[in-house]
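Here are my notes for your first look at this one. Have the sequence and the 3D view open side by side, and take the points in order.

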Amino acid sequence: MKAGDIKKILIAGAGTMGQSIGLSCVTNGFAVVLYDIKDEFLVKATDSLNKKIDKMAANGMIPKEKAELFKNNITTTTDLAFAGADIDLVSESIPEDPDIKGEFFRELNKVCPERTIFTTNTSSLVPSMYADKTGRPDRFLAFHFHPGFKLVDVMGHSGTSAEAVETVRRFSELIGHSPIVLKQEKAGYLFNSLLNPWLLAALNLVSRDIASPEDVDRSWKEITAMPLGPFELMDYIGLETVWRITDFWARKRNDQNAQQSADLLKQYVDRGELGMKSGKGFYDYTGGK
Ligand SMILES: NC(=O)c1ccc[n+]([C@@H]2O[C@H](COP(=O)([O-])OP(=O)(O)OC[C@H]3O[C@@H](n4cnc5c(N)ncnc54)[C@H](O)[C@@H]3O)[C@@H](O)[C@H]2O)c1
C-alpha cells in the first residue's frame with residue numbers, strides 16, 4: 001500500500017489523541033472512522049470535533065465551504081467489525097497498556113483487510129511489545145503524535161517492512177505533519193526520551209515531600225524562562241496517561257522511587273482529577289488558570 005492509496009482511516013480511541021489525529025486526517029480530505037468502547041465517548045468526541053472544524057473554518061484554516069463535508073466524513077461506531085471493514089490505515093490511541101493494545105490489535109486483525117496498515121500512537125511503549133498480536137507485524141509500526149505540534153515520530157520494530165514505514169512517513173506529510181523516522185526502535189522516541197526523565201525527576205521531588213508542585217514548577221520556569229513547569233505540563237498531557245507510563249516502567253524496572261511517583265499520580269486519577277481536561281489536576285482550572 002502506498003500513501004497515495006490511503007482513503008479511509010480508522011481512529012481507535014476517541015479521547016484526547018484520537019480526536020486530535022482524527023481532526024488532522026479529516027481536514028486534509030480523508031474519511032475517518034472513530035471507534036471507541038462507549039457511545040457517550042463518541043458523542044462527546046463528535047461534538048468537540050465539529051466545534052473545532054467550525055472554528056478552523058471561521059479562522060480561515062480550512063475553506064468555509066468544506067466544513068460540512070469534513071464533518072460528514074467522520075463516522076463513529078462501537079462495532080469493531082464495522083470499524084475495521086474497508087480501512088486502509090489504523091491509528092490507535094487507546095490506553096497506554098501493552099495488554100490492552102495487544103488485545104485490541106488481535107481482535108482488529110480479524111476484521112481488517114490484508115492491505116490495512118496498523119499504527120500505534122503509544123507514548124512510551126515500543127511496537128515489538130505487541131507486534132505479534134497484530135497478526136501482521138510487517139505492516140505494524142508506531143506513528144506518534146505530539147498534541148498541538150506538527151512533528152510526528154515514525155518508528156518500526158525490527159520486523160516492520162520498509163514499505164510500511166515509507167507509506168506512513170509520506171502519509172504524515174499528506175495530513176500536514178513533519179515526520180522524523182527513527183533508525184531503531186526506542187521507547188520514548190526522541191522527544192519523550194528527553195521529557196520522561198525530567199517529569200519523573202519532578203514527580204520524585206513531590207512524592208518524596210521535598211517540595212510542592214507549585215515550587216518545582218516555579219524553580220524550573222524562573223531559571224529557564226520556559227512557559228510551563230513539569231506539573232503544568234502533566235496536567236496538560238492528562239494525569240491518567242502520565243500515571244500509566246510511570247507505573248508501567250516503575251514495575252518493569254522495579255524502581256521504588258518511580259513507583260512512589262506512580263502511586264502519587266494514582267491518587268489524583270482515583271479522585272477523577274485528571275488534569276486540564278477534568279478541570280482539576282495538580283492545579284485547579286475551574287477558576288480559569
Ligand atoms: N495525551 C497525550 O499527550 C499523548 C500524546 C501522544 C501519545 N499519547 C498516547 O495516546 C494513547 C491515548 O492517550 P489519550 O491521552 O488520548 O487517552 P484518553 O484517555 O484521552 O483516550 C483514550 C480513549 O480510548 C478509549 N478506549 C479504552 N479502551 C479501549 C478499547 N479497548 N478500544 C477502543 N477504545 C478504547 C477510551 O474510552 C478513551 O476514549 C496512549 O497510548 C498515550 O500514551 C498520548
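1. Is L108 buried or exposed? With a relative accessibility of 0%, L108 counts as buried; the word means under 20% relative accessible area, exposed means over 50%, and partly exposed is in between (1.4 Å probe, protein chains only). You'll find L108 in helix α5, residues 98-111.

2. A word on what you're looking at. This is a predicted model, in which local features need pLDDT of at least 70 and side-chain atom pairs count only at pLDDT 80 or more, while totals for chains, interfaces and linings use all residues. Residues are numbered from 1 along each chain as its sequence is written, and side-chain values use heavy atoms, with hydrogens and water left out.

3. Now the ligand. There are 23 residues around it, and M17, D36, E96, K101 and S123 come nearest; a residue is near if one of its heavy atoms lies within 4 Å. Sorted by class, this shell holds 10 nonpolar, nine polar and four charged residues. Here Ala, Val, Leu, Ile, Met, Phe, Trp, Tyr, Cys and Pro count as nonpolar, Asp, Glu, Lys and Arg as charged, and the others, Gly among them, as polar.

4. Which atoms meet the oxygen atoms of the ligand? K101 brings a polar side-chain atom to 2.7 Å from a ligand oxygen, T16 has a backbone N or O atom 3.0 Å from one, and a side-chain N or O atom of T241 is 3.3 Å from one. On its own the ligand has 840 Å² of accessible area, and the protein covers 86% of that (Shrake-Rupley method, 1.4 Å probe). Two elements give two or more residues to the shell: α1 (16-26) and β6 (140-145). Helices (H or I, at least four residues) and strands (E, at least two) are DSSP runs, numbered from the N terminus.

5. Stay with α1 for a moment. Nine of its 11 residues are buried, so α1 is largely enclosed by the rest of the structure. Among those buried residues are M17, Q19, L23 and V26. In the loop between α1 and β2 (31-35) sits T27, which counts as buried at 13% relative accessibility. The T27 side chain reaches the backbone oxygen of L23 at 2.6 Å.

6. An α-helix has 3.6 residues a turn, so residues three or four places apart point the same way.

7. H177 is in the loop between α6 (162-174) and β8 (178-181) and counts as buried at 9% relative accessibility. A polar atom of the H177 side chain lies 3.0 Å from the backbone oxygen of I175. L125, in the loop between β5 (117-120) and β6, counts as buried at 0%. Its C-alpha is 9.3 Å from that of A142, 17 residues apart along the chain.

Definitions and conventions:
Polar contact = N/O pair within 3.5 Å; in protein donor to acceptor, adjacent residues only side chain to side chain.
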